[in-house]
Amino acid sequence: VFQNYFSTFVRDQSSDTLQFTVFLEVLKYVERRRAFVIVSDDTSHGLVMQYCNDNDFASVAIINLGFPDIEQRDIIQELLRIKSSTAHAVYLHCDSKLAHFILWIAKDFRLIDENMLWILSEKSLHGIPNLYTLPSFIYAIRTERFASEDEFDRRQLMDSLSVIQKTFGSMDEREVRGYLRQPSDCHSSSAWNKGQELHK
């Protein structure tokens, strides 16, 4: 319904696919070839399978803990599975309540140390006001925040103009001359009419 009233919106979290890309890049950078991803819903599970199973660098095992009847012993069992594996990285892409619970059990199991890379998505960080309460050796994926809507709009405009500048900078002389040619009647062109509509 909100689309009827607002033409644009600003995300407060980066997209899942972008976060998965960052996660895989981090694995490649630190040369961890075996990892676990913990999710808490079927949608995230499907996205991780689609995104992570196609990579040619790391072997990623996916754990879905998003069942309504999930019990503490099920979570403990999965953490023991991670502990007994040869993996050296865990990515939490689950809700913050579950993520917080997993981290503290993992700490008790001595799964959180300098040898195991723990990465939290923004989804897992959402609703945790005091990040200093999390165990040490935890890394987080966070998007850049903006102090105001004006700052966001200014950055978007600068990025758009930068793309336009690069586009014109890559043109050859023939293309540039085409853009510089004066139209016979710009008021009758579709671009002019569209511009007028957007200006209203």
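Buried means under 20% relative accessible area, exposed means over 50%, and partly exposed lies in between (1.4 Å probe, protein chains only). By this rule, buried residues make up 29% of the 200 residues in the protein. This is a predicted model, in which local features need pLDDT of at least 70, side-chain atom pairs count only at pLDDT 80 or more, and totals for chains, interfaces and linings use all residues. Residues are numbered from 1 along each chain as its sequence is written, and side-chain values use heavy atoms, with hydrogens and water left out.

**Figure 1. Overview of the helices and strands.** The protein has 8 helices and 5 strands. Helices (H or I, at least four residues) and strands (E, at least two) are DSSP runs, numbered from the N terminus. Read from the N terminus on, the order of the elements is α-β-α-β-α-β-α-β-α-β-α-α-α. A contact means heavy atoms within 4.5 Å. Of the contacts in the protein with a separation of 6 or more, 71% are between residues 24 or more positions apart. The protein exposes about 14200 Å², and carbon and sulfur atoms supply 53% of it. Accessible areas come from the Shrake-Rupley method with a 1.4 Å probe; for residues, only the protein chains shown count as cover.

Figure 2. A search of the whole structure finds 2 aromatic pairs. Rings of Phe, Tyr and Trp (its six-membered ring) pair if their centres lie within 6.5 Å; planes under 30 degrees apart count as stacked, over 60 as edge-to-face and the rest as tilted. Phe20 and Tyr91 are edge-to-face, at 6.3 Å centre to centre and 85° between the planes. Phe20 lies in helix H1 (residues 16-30) and Tyr91 in strand S3 (residues 89-93), so this pair ties together parts that are 71 residues apart in sequence. Phe23 and Tyr91 are stacked, with 4.5 Å centre to centre and 15° between the planes. This pair also links distant parts of the chain, with Phe23 in helix H1 and Tyr91 in strand S3, 68 residues apart. Phe20 and Tyr91 are both buried, and Phe23 is buried with a relative accessible area of 0%.

**Figure 3. The salt bridge between Lys123 and Asp41.** A salt bridge is a side-chain nitrogen of Lys or Arg within 4 Å of a carboxyl oxygen of Asp or Glu, and a search of the whole structure finds 3 salt bridges. In one of them, the side chains of Lys123 and Asp41 meet at 2.5 Å, N to O. Lys123 lies in helix H5 (residues 122-125) and Asp41 in the loop between S1 and helix H2 (42-52), so the pair ties together parts that are 82 residues apart in sequence. Lys123 is partly exposed at 22%, and Asp41 is partly exposed at 21%.

**Figure 4. The salt bridge between Arg81 and Glu78 in helix H3.** The side chains of Arg81 and Glu78 meet at 3.0 Å, N to O. Because they are 3 residues apart in helix H3 (residues 72-83), about one helical turn separates Arg81 and Glu78. Arg81 is partly exposed, with a relative accessible area of 40%.

**Figure 5. Two loop residues with positive phi.** Glu31, a residue other than glycine, has a positive phi near 60°. Glu31 lies in the loop between H1 and strand S1 (34-39) and is exposed at 65% relative accessibility. Arg110, also not a glycine, has a positive phi near 55°. Arg110 sits in the loop between helix H4 (96-108) and strand S4 (117-120), and Arg110 is exposed at 69% relative accessibility.
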